[in-house]
Amino acid sequence: KKVQMESKKKSEASTPIIYRTPLTDGPILMSTDGTFIKTTQNVAPEVIPPSSPNRNTMLQSSPSDEILTDNLIKRGLFGGAITIMLPSSFQDVSVIRQVPDNQEVYVDSLSDMSVIIELLEHEPTVSNEHCARYFFQELAAFNQAADIVVEKEQVMRADSDLIPSLPPAYPRCTLVGRQTVKKFSRDSLSPSPPDEIRIYLVVLRLIAVGTDLLLSLNAPLAQSSSSSLSAEDLVRATVNSLEIHNWSLFA
């Protein structure tokens, strides 16, 4: 599918959530902290043992998905124009919910961890040194975060091995931080106790094609991942596996 680039300000009037994915009724909802509320109706895909011949179908993987190990699957994004690797327990949300054309959203069916990939128009007025913090603070505003903490922030060196499939001419900016947000339950208008989430954010600045590519992993601190990888290892493996196969995506 061809991605229609969207301005970051286009959906400010919608429910404040990570990257403006609209909150809709149904069994799996994205909450205001960018994680997902699991309701009584269970539609999460069954995690199939590695020996199962129908593993791809049961995991609701796209035709371009490729199983690389017992735990990681190569996922085709935006019609296969981009690929990344994610654990097999991460579900493509677009199978059950509409996702904006400039986003891909995956949620761990066994926890509240989520991975979001978003394509945005390049922000030429924001420097590489400040772009990760800029997008992180914008997230906090959409999340109505009560508290934000930047733990680490870095512009990677040109000789960095982050995202090795792409030439070093494209700046890579990273940030790790925490946000304290309120999450509302479907069964009540009252907010639950605030959740603290750690956000691992990577900004890939594809200046030549006028695009800022954002990849974030959102991990509630009160929960552990179902993956054998830590959240930090998981985001590193996902980011380093990123490949762009069809540059016409950005046309």
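Strands β7 and β8 form a hairpin with five residues between them; strands here are DSSP runs (E, at least two residues), helices are runs of H or I with at least four, and both are numbered from the N terminus. The model is a predicted one, so local features need pLDDT of at least 70 and side-chain atom pairs count only at pLDDT 80 or more, while totals for chains, interfaces and linings use all residues. Residues are numbered from 1 along each chain as its sequence is written, and side-chain values use heavy atoms, with hydrogens and water left out.

β7 (residues 103–108) runs antiparallel to β8 over five bridges, pairing being called when DSSP finds at least two bridges between two strands. Glu104 has Ile117 of β8 as its bridge partner. Seven of the eight residues of β8 (residues 114–121) are buried, so the strand is largely enclosed by the rest of the structure. Buried means under 20% relative accessible area, exposed over 50%, and partly exposed in between (1.4 Å probe, protein chains only).

Zooming out, the protein has three helices and 13 strands, and 49% of its 251 residues are buried. Of the contacts (heavy atoms within 4.5 Å) with a separation of 6 or more, 60% involve residues 24 or more positions apart.

What about the nonpolar interior? The largest nonpolar core has 33 residues, and those with the most contacts inside it are Phe78, Ile82, Ile117, Leu204, Leu213, Leu217 and Leu242. Such a core is a set of buried Ala, Val, Leu, Ile, Met, Phe, Trp, Tyr and Cys residues joined through side-chain atoms within 4.5 Å. At least two core residues come from each of β5 (82–87), β8, β11 (195–206), β12 and α3 (231–240). Leaving aside neighbours within four places in sequence, Leu217 touches residues including Val115, Ile199, Tyr200, Leu234 and Val235. Apart from this core lies another, of 14 residues, among them Leu139, Cys173, Val203 and Leu214.

A search of the whole structure turns up three aromatic pairs, meaning Phe, Tyr or Trp rings (the six-membered one for Trp) with centres within 6.5 Å; planes under 30 degrees apart count as stacked, over 60 as edge-to-face and the rest as tilted. Tyr170 and Trp247 are stacked, at 5.8 Å centre to centre with 25° between the planes. Tyr170 sits in the loop between β9 (147–155) and β10 (172–181) and Trp247 in the segment after β13 (243–244), so the pair ties together parts that are 77 residues apart in sequence. Trp247 is partly exposed at 31% relative accessibility. Trp247 and Phe250 make a tilted pair, with centres 5.6 Å apart and planes at 50°. Phe250 is buried, at 8%, and ring pairs link Tyr170, Trp247 and Phe250 into a cluster.

Then there are the charges: nine salt bridges in the structure, each a side-chain nitrogen of Lys or Arg within 4 Å of a carboxyl oxygen of Asp or Glu. Glu151 and Arg178 bring their closest N and O atoms to 2.5 Å. Glu151 lies in β9 and Arg178 in β10, so this pair ties together parts 27 residues apart in sequence.
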